[in-house]
Amino acid sequence: MTEPDTPIVEMRGISLAFPGVKALQDVDFRLFPGEVHALMGENGAGKSTLIKTLTGVHTPDSGTVQLAGDTVAFAEPAQAQQAGISTVYQEVNLCANLTVAENILLGREPRKRGGIDFKAMRTQAAAVLARIGVHIDPASILDTHPIAVQQLVAIARAIAIDCRVLVLDEPTSSLDAGEVAELFRIMRVLRDEGVAILFVSHFLDQVYEIADRMTVLRNGTLVGEHLTKDLDRRSLISAMIGRELGVLEAIEDASERHKVSGPVLVQAEGLGRRGAIAPFDLDIRAGEVVGLAGLLGSGRTEMARLLFGADKATEGRLLVDGTPLHLRGPRSAIAAGIAFCSEDRKGEGLVADLSIRDNLVLAMQAARGWSRPVPRKLKDQLVEKYLKALDIRPANPDALVRTLSGGNQQKVLLARWLVTEPRLLILDEPTRGIDIGAKAQIQQLVTTLASEGTAVLFISAEMEEVVRIADRIVVLRDRQKIAELDGGSSIDEVVGLIAGEQLPEEVAS
Amino acid sequence: MTALATRLPSRFLPVLATVVLFVLTFGVGSGLYDGFASGQVIANLFIDNAFLIVLAAGMTFVILSGGIDLSVGSVVALSTMVTASGLKDGWPLPLVVIAVLLIGSTLGLLMGLVIHKFDIQPFIVTLAGMFLARGLCFLISVESVSIKDTTFRAIATAVIELPGGVTITYNVIIALVVVAVALYVLHRTRFGRTVYAVGGNEQSALLMGLKTARAKVGVYVISGFCSALAGLLFSLYMLSGYGLHAVGMELEAIAAVVIGGTLLAGGMGYVLGSLTGVLVLGTIQTLISFQGTLSSWWTKIVIGALLLVFIAVQRGLIRPRQTT
């Protein structure tokens, strides 16, 4: 191991602004040789930006970067790589049209008589792949391999040179448990060889398993640097979200407080669609949170789309306020006060190149029609209200949605539907891929809405979340509604039903 | 199923299809007309299309990188104009050649820099280059200028005898050398592989630390150089310089590259495919001239139909790749 008190990378006072967003403010960061250093923070805390500043993708507005004592300013990633900083990004950043060997070695390929020596290249690539235990044909086209293998090829590329600094930006998100273990084995080998490893992951278990040291960022500023053994999980999470975890407990109290006995708002009678979901009955009362639990592909989204009219029902009928509603499409559902927040927020929800304000007003404008523009004053009032209510960051209505983090984009999408004041709000995976702080806020918002009389249909793959906030849980399996449970049910009950261990009749009582 | 077995067909299928198409059209000609299947007819394919082969080779670089170059036809015309008027004013031949090649490469460099630095669509930038070069021709002269230089004429008419009594011109040698160099650069050099990488995924190529800027600008320099060289070959072929030479030739070059199996989106294709593409176009032209009664516009109609078919074939090849 190398001397631990001389950092190989030292970043001081790094600041960087994007249009409308201060991504980094006066951040210091140190990385020592022979250690795994985890960079922690919520979505939008500035982790990726800091990494890209180190690897030459972004140039900081102010601050210095030192590598082994020399001040450096990388204009492009190639320079950073030459200096010994290799990076594996969250998404596979390789060229799928080239061979595996080219993807590993291009840029530093073996040469022979003025040209690339493909034979030596394949041999070298095979050697690197063997080092990390991947056995694929180096001459095959990258595109022919699954994403997890492509990710390992990206890691092979990173370690193919004698790198001094290895940056892994959420490398584990597309790997299964066995592959993660393999990656950690490789990381330990490299660490013991004296490589400095910068590691980003949302999985706390992984961080506590592999990291020696952590740096926590919040909102583009440095919160602190700690040795892993000095920082327990609870303190880490409070450092990341900047407030006490009491928030989560408060939600539980809130959901227990109201037992719903309001009028039935939406009622499905034998509603179904062939090939998508078997006919089901469902009542949703005003002020009630109904959770949908089930595995991926169990019919959760299909059920929601039927209620919203996005798909046509082949049988049964839907009643709103006791009168049958013929859903011709989402427009008639919106007119009846039903809103649907899609799980694909990038593809179906937001307009990335418009500002927060414009995105917020979009659905409202659509409801009013083009001939009645929303007055600026009303717009500003609404925007201010929801920026505050949902704690959207940055709290700048002119920031482009594209520049926001995933959690904040989700909040904008939610706010957009809230502006239309729906009576039934369908949320399809509103908390997927966002950090714990934003998650808590969204959950709290759901309970608040319910207490104000809005009915919410809440879909989530995370059973804990459904159990925590739902007043009633509808369990789906194999595109069938198999049970309805009360809010107080335990996760075990729900999981048991989904796994098919118990017959629905036994629990439903 | 080994990786090799699944890999080979999908990569080489478009080029193989072009080769098959060439053999088929040539076979049809040989079956219909006596004397079609002679060595000289094949040699003539190369002689009559030498400049197009050079253009298509340059265009292959640009399209592989995911770009397009619409200026090549105009640069050919400008090159013929500079050659003819330069020789007329008594410039020595080597100087003329150097001047032409420099002008073409510089134009390409300028367009490449604008495309890269200002991040403007290659379509628009090279469209501007196309008008600029065409306009410059008429700045030199609005008339057709014939070439009377004796050395130039000697090179133009010189023939090289191949075994079997088949003759070719120096144009053919130059065109084949260009193809060979292009093959080497694209497949054996880091620059060439970077061109493929940029065409596959520019952002990834950048993050992989490849010199994407050099590749992106470089392909337009290469295309500009090839256009100028093609202009010299065209001068040898026509023995005149004129601002209305090579109108629409950029589209013929693009057609040849696409028929040769190169993906318009970039990242996939081969120079040899483009060469075969030119030969297919040439064969169709020869067929129609052998037939005698059909108008030469039929060539365009057939090319149009072929282009449609090939783009449809490419779609079919790509779709299954993306869904897996």
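Visitor: Which order do the strands of the open sheet of six strands with β18 have in chain A?

Guide: This is a predicted model, in which local features need pLDDT of at least 70, side-chain atom pairs count only at pLDDT 80 or more, and totals for chains, interfaces and linings use all residues. Residues are numbered from 1 along each chain as written, chains are lettered from A and ligands numbered from 1 in written order, and side-chain values use heavy atoms, without hydrogens and water. Strands are DSSP runs of E with at least two residues, helices are runs of H or I with at least four, and both are numbered from the N terminus. The pairing is mixed, and the order is β18-β19-β20-β15-β21-β22.

Visitor: Why is one side of β18 and of β22 of chain A left without a neighbour in the sheet?

Guide: Two strands pair if DSSP finds at least two bridges between them. In chain A, β18 (338-341) and β22 (480-486) stand at the edges of the sheet, so one side of each lacks a neighbour there, each having a single partner strand.

Visitor: In β20(A), which residue is the bridge partner of L425(A)?

Guide: Strand β19 (residues 424-428) of chain A runs parallel to strand β20 (residues 455-459) of chain A, and five bridges join them. In β20(A), L425(A) has as its bridge partner V456(A).

Visitor: At about what angle to β18(A) does helix α15 of chain A run?

Guide: Axes are lines fitted to C-alpha atoms, for helices over the stretch in contact (heavy atoms within 4.5 Å). Angles run from 0 to 180 degrees between N-to-C directions. Helix α15 (residues 406-419) of chain A lies across β18 and β19 of chain A, and its angle to β18(A) is about 170°.

Visitor: Which residue stands opposite L39(A) in β11(A)?

Guide: A second open sheet, also of mixed pairing, has the order β6-β9-β10-β3-β11-β12 in chain A. Within chain A, strand β3 (residues 36-40) and strand β11 (residues 213-218) run parallel and are joined by four bridges. The residue opposite L39(A) is T215(A).

Visitor: Is Q206(A) buried or exposed?

Guide: Q206(A) belongs to helix α7 (residues 204-210) of chain A. Its side chain makes a polar contact of 3.1 Å with the side chain of S201(A); such a contact is a pair of N or O atoms within 3.5 Å, one able to donate a hydrogen and the other to accept it, and residues adjacent in sequence count only if both atoms are side-chain atoms. Buried means under 20% relative accessible area, exposed over 50% and partly exposed in between, with a 1.4 Å probe and protein chains only. Because the relative accessible area of Q206(A) is 12%, the residue is buried.
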